[in-house]
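Here's a quick briefing on how this fold is put together.

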Amino acid sequence: MMKAFTLIIGLLFISGCSTVYPNKDITGLAFPVVTGQSLEKNTVAIPTDFKDEMTLLLIGYKQNSQFDIDRWLIALDMTETKVSAYEIPTIQGLFPQMFSTVIDNGMRAGIPKPLWKGVITVYSDGDKVQAFTGNENASNARVVLLNKQGKVVYFYDQGFAVAALNEVRSQLASQP
């Protein structure tokens, strides 16, 4: 049973990037308004519902992105970086949407309940997000630092790097 579940989840994430969009630098652009659902089952409008001065989105297009996202979260914690950070699994296509409950329940099983509010899965608008950032090298996490107005002040699409972490910290330190 667990093998079948793992296979289904793997197939869904593999098919999650069915359309390839070229990568691009989105720094300075307004993040598109998209809707997702937290693992707590709350609907969230991204970036509209974020009220902090700065918000960090850790966007994953494939299951392999979780490795980068985990490194980002650990590094942010270890460096005591003060920023609201959200994991945004983003899956395009009708097939993953049909199995969204299975996918979300799988994530709930592997993520401690206190962290559920920080995981917002985007299904119906997944194509919109992927077209915005590009999804070449889809296993790399996309790191998007937004200001209060939803404008991208920092973007990185190469997974995790200490230099990128330092850039995020520098951007946060330069904010009033």
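The largest nonpolar core has 20 residues, and Phe31, Ile46, Leu57, Ile59, Ile88, Val144 and Val152 touch the most other members. A nonpolar core here is a set of buried Ala, Val, Leu, Ile, Met, Phe, Trp, Tyr and Cys residues joined through side-chain atoms within 4.5 Å, with buried meaning under 20% relative accessible area (1.4 Å probe, protein chains only). The model is predicted: local features need pLDDT of at least 70, side-chain atom pairs count only at pLDDT 80 or more, and totals for chains, interfaces and linings use all residues. Residues are numbered from 1 along each chain as its sequence is written, and side-chain values use heavy atoms, leaving out hydrogens and water.

- Another core, of 19 residues, lies apart from it and includes Trp72, Val153, Tyr156 and Leu165.
- Leaving aside residues up to four places away in sequence, isoleucine 59 has contacts with Phe31, Ile69, Ile88, Thr90, Val129, Ala141, Arg142 and Val144 (contact: heavy atoms within 4.5 Å).

**Sheet and helices**
- An open, mixed sheet is built from four strands in the order 4-3-6-7; strands pair if DSSP finds at least two bridges between them.
- Strand 4 (84–89) and strand 7 (152–156) are at the edges with a single partner strand each, so one side of each has no neighbour in the sheet.
- Strand 3 (residues 54–60) runs parallel to strand 4, joined to it by six bridges, and threonine 55 sits opposite serine 84 of strand 4.
- Helix 2 (residues 65–78) lies across strands 3, 4, 6 and 7, at about 155° to strand 3; angles run from 0 to 180 degrees between N-to-C directions, with axes fitted to C-alpha atoms, for helices over the stretch in contact.

**Two asparagines**
- Asparagine 147, in strand 6 (residues 142–147), counts as buried because its relative accessibility is 16%.
- A polar atom of the asparagine 147 side chain is 3.0 Å from the backbone nitrogen of glutamine 149.
- Asparagine 140 is in the loop between helix 5 and strand 6.

Note on methods
Buried means under 20% relative accessible area, exposed over 50%, partly exposed in between (1.4 Å probe, protein chains only). A polar contact is a pair of N or O atoms within 3.5 Å; within protein, one must be able to donate a hydrogen and the other to accept it, and residues adjacent in sequence count only if both atoms are side-chain atoms.
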